[in-house]
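Please walk through this fold with me.

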Amino acid sequence: MSSQWYLYVLLCSDDTFYTGVTTDPKRRLREHNISNRGAKYTNARRPVRMVYCEEHPDQSSAQKAEHAFKKLTRKQKEKIINI
């Protein structure tokens with residue numbers, strides 16, 4: 001079974017970033033904003049908006065990209081996101 005995976009970055013109301021992976025970015029954004037299925041981190045920092053989304057062929061490559069992205073400095077992340 002081959003499904004598309006995505007690395008996504010949310011900008012939280014406190015101006016921090018949250019990074020994750022998913023197969024459905026729109027659903028995941030909804031979950032972060034209005035349900036208890038979002039992350040505990042974003043729960044307290046609503047509303048959040050998606051500022052970056054990148055396609056990956058599988059879960060493994062999306063998670064590797066997430067890990068690499070989280071290691072970047074804020075300035076480096078902003079350069080990638082273009083904000």
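**From a helix residue to the sheet**

Arg30 has its place in helix 1. Helices here are DSSP runs of H or I with at least four residues, strands are runs of E with at least two, and both are numbered from the N terminus. The model is predicted: local features need pLDDT of at least 70, side-chain atom pairs count only at pLDDT 80 or more, and totals for chains, interfaces and linings use all residues. Residues are numbered from 1 along each chain as its sequence is written, and side-chain values use heavy atoms, with hydrogens and water left out.

Arg30 has a relative accessible area of 48%, so this residue is partly exposed. The cut-offs are these: buried is under 20% relative accessible area, exposed is over 50%, and partly exposed is in between, with a 1.4 Å probe and protein chains only. Arg49 is 19 residues from Arg30 in sequence. In space, the two C-alpha atoms are 9.6 Å apart.

What is the order of its three strands? The order is 2-1-3, in an open sheet with antiparallel pairing. Two strands pair if DSSP finds at least two bridges between them. Strand 2 (17-22) and strand 3 (49-56) each have a single partner strand, so they stand at the edges, and one side of each has no neighbour in the sheet. On average, neighbouring strands are turned by 20° against each other, direction ignored. Axes behind such angles are lines fitted to C-alpha atoms, for helices over the stretch in contact; angles run from 0 to 180 degrees between N-to-C directions.

Strand 1 covers residues 5-11 and pairs with strand 3 in the antiparallel sense, over seven bridges. Tyr6 has Glu55 of strand 3 as its bridge partner. Helix 1 (residues 25-34) packs on this sheet and touches strand 1, strand 2 and strand 3. Its direction makes about 35° with that of strand 1. Contact here means heavy atoms within 4.5 Å. Helix 4 (residues 74-81) also packs on the sheet, touching strand 1, strand 2 and strand 3. The direction of helix 4 makes about 55° with that of strand 2.

Strand 1 also runs antiparallel to strand 2, joined by six bridges. The two form a hairpin with five residues between them. Asp15 sits in the turn and has a positive phi of about 70°. Leu11 stands opposite Phe17 in strand 2 and opposite Arg49 in strand 3.

How many of the seven residues of strand 1 are buried? Seven of the seven are, so the strand is mostly covered. Trp5, Leu7, Val9 and Leu11 point one way, while Tyr6, Tyr8 and Leu10 point the other way.

His56 lies in strand 3. Its relative accessibility is 11%, so His56 counts as buried. Leaving aside residues up to four places away in sequence, His56 touches Gln4, Trp5, Leu7, Ser61, Ala62 and Ala65.

Next come the charges. Side chains of opposite charge can pair when their charged atoms come close. The structure holds eight salt bridges, each a side-chain nitrogen of Lys or Arg within 4 Å of a carboxyl oxygen of Asp or Glu.

Asp15 forms one of them with Arg74, the closest N and O atoms being 3.5 Å apart. The pair links distant parts of the chain, 59 residues apart: Asp15 is in the loop between strand 1 and strand 2, and Arg74 is in helix 4. Asp15 is partly exposed at 46% relative accessibility, and Arg74 is partly exposed at 33%.

Arg74 also meets Glu78 in a salt bridge of 2.8 Å, N to O. The two are four residues apart in helix 4, so about one helical turn separates them. Glu78 is partly exposed at 23% relative accessibility. Elsewhere, salt bridges with shared partners join Asp24, Arg27, Arg28, Glu31 and Arg37 into one network. Within it, the side chains of Asp24 and Arg27 meet at 3.9 Å, N to O. Asp24 is partly exposed at 32%, as is Arg27 at 27%.
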